[in-house]
Amino acid sequence: MTPRAAFLRGYLDCAPFILIVVPYSLLFGVVARDAGLDLIQTMSMTVLVIAGASQFTAIALLQDQAPVFVALLAALVVNLRMAMYSAALVPHLGHARLSLRALMAYLMVDQAYGVAVRTYEDRPDMTGAEKVSYYFGAMMFICPFWYGFAFVGALVGQAIPASYQLDFAVPVCFLAMTAPLLRSRAHVVAALVSGVVVLAFAWVPWSLGLIIAALSGLIAGGQAELFVKRRAA
Amino acid sequence: MIADSDFWIVTIALGIGTFLIRFSFLGILGGRSLPGWLTLHLKYVGVAVFPALVMPQLVWPAATGGVTDPTRLIAAAATILVGLRFGVIWSIVAGMAALYSLQYIL
């Protein structure tokens, strides 16, 4: 495979994600404008962060008048999963030069990461250069759509009347992201603990109940997994 | 309303922080692996953070002045049930469709 062919292959392998990226980025544009951000702010966040879940998190919390450090901390916690991606990509892409690795890091998004790692594992004969080309092909498919449709969403968002209750789109979006993650009992335990703890600690100032709930959920999930493993052993 | 200064602080710091998370192993730490206890818990980031964000908005929505609204709770249940089986996009469609149809009926 030439690097060019590998790039194209990555690009095409990510094509089905257009069905997810387009509505999701549109929704971000709409929600951001609904929260009172202007076009420049909406697009700055989209381009600087390119991580949808954390962008929704930050905006939802800022809109709820949470303090800046809580909004920031919660959004960063959402993105911590990408440290795992970063580690998983080292054996495949760690050979590239530093500037390329920096660009790869900037472009690292969930769906394209998943596709790339699966391909690398399925095709151990790929060379390092092919893997790099494939990675950029995959990301180049996702990112322009992410920017473009966030822009469209931000433009049309204001035309949507309040009777459509778009405020509800934010919790719906988070629930929709949570449901497919409930893959094991440990995941369900983590979600339930987090949901109950956040309500029980709603009185804690500065929205810190959110952080307490998220940490409780993380620990509950990890411990539930260990418990299941011990029982099975 | 979100204050401009708050917005820019969060956006810029989040942009830098997110880049550093993505760059961590690929750029700086190389082949070193994450400690086991951390990977164990990182798997649960999504399911631990998202419900915490959603629950207060569901139970005490700002749009109704903090009064619990059964139509929103039912629509939320529909979102989860569809999401378990059909993935993110249909889940969002189902949630909003459930909200609109319930409000139309009730």
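**View 1. Confidence across the complex.**
The predictor assigns the complex an ipTM of 0.85 and a pTM of 0.81. Chain A has a mean pLDDT of 89, and 99% of its residues reach 70 or more. Within chain A, helix 11 (residues 185–200) scores highest, with a mean of 96. Confidence in chain A is lowest in helix 10, at a mean of 83. Chain B averages a pLDDT of 88, with 99% of the residues at 70 or above. Helix 1 (residues 4–29) of chain B has the highest mean pLDDT among the elements of that chain, at 94. Helix 2 (residues 36–42) of chain B has the lowest, at 83. Where pLDDT is low, predicted coordinates should not be read in detail.

**View 2. The interface between chain A and chain B.**
Here 79 residues of chain A are in contact with 61 residues of chain B. Which helix of chain A gives the most to the side that touches chain B? Helix 10 (residues 169–178) does, with 10 residues. The side of chain A that touches chain B has 58 nonpolar residues. Another 17 are polar and 4 are charged.

**View 3. Helix 4 of chain A against helix 1 of chain B.**
This view shows one pair of helices from the two chains. Helix 4 of chain A spans residues 52–63. Its axis and that of helix 1 of chain B come within 11 Å and cross at roughly 155 degrees. Because of that angle, helix 4 of chain A is roughly antiparallel to helix 1 of chain B. The crossing is right-handed. From helix 4 of chain A come A:Ser54, A:Ala58 and A:Leu62. They meet B:Asp6, B:Phe7, B:Val10, B:Leu14 and B:Thr18 in helix 1 of chain B. By class, this contact has 5 nonpolar, 2 polar and 1 charged residues.

**View 4. Helix 4 and helix 10 within chain A.**
Helix 4 of chain A also packs with helix 10 of chain A, at an angle of about 145 degrees. Their axes are 11 Å apart. Is this crossing left-handed or right-handed? The crossing of helix 4 and helix 10 of chain A is left-handed. Helix 4 of chain A brings A:Ala53, A:Phe56 and A:Ala60 to the contact. Helix 10 of chain A brings A:Val170, A:Cys173, A:Phe174 and A:Met177. The contact has 7 nonpolar residues, no polar ones and no charged ones.

**View 5. Helix 2 and helix 9 within chain A.**
Helix 2 of chain A covers residues 18–34, and helix 9 of chain A covers residues 128–157. Their axes come within 7 Å and cross at roughly 40 degrees. That angle is why helix 2 of chain A is oblique to helix 9 of chain A. Helix 2 of chain A passes helix 9 of chain A in a right-handed crossing. On helix 2 of chain A, the contact residues include A:Ile18, A:Val22, A:Leu26 and A:Gly29. A:Arg33 and A:Asp34 are also among them. On helix 9 of chain A, they include A:Phe145, A:Trp146, A:Phe149 and A:Gly153. By class, the contact has 16 nonpolar, 4 polar and 2 charged residues.

**View 6. The two domains of chain A.**
The domain assignment of chain A gives domain 1 (3–164) and domain 2 (182–232). Their C-alpha centres lie 26 Å apart. How many residues of domain 1 of chain A are in contact with domain 2 of chain A? There are 8, and they touch 6 residues of domain 2 of chain A. Helix 5 (residues 68–79) of chain A gives the most to the domain 1 side, with 4 residues. That side of domain 1 of chain A has 7 nonpolar residues, no polar ones and 1 charged.

Methods. Residues numbered from 1 in each chain as written. Chains lettered and ligands numbered in written order. Predicted model: local features only at pLDDT ≥ 70, side-chain atom pairs only at ≥ 80, totals over all residues. Contact = placed C-beta atoms within 7 Å. Nonpolar A, V, L, I, M, F, W, Y, C, P; charged D, E, K, R; others polar. Axes fitted to C-alpha atoms, helices over the stretch in contact; angles between N-to-C directions. Parallel < 35°, antiparallel > 145°, perpendicular 65-115°, else oblique. Left-handed = near helix turned anticlockwise from the far one by under 90°. pLDDT = per-residue confidence, 0-100. Domains from an automatic or database assignment.
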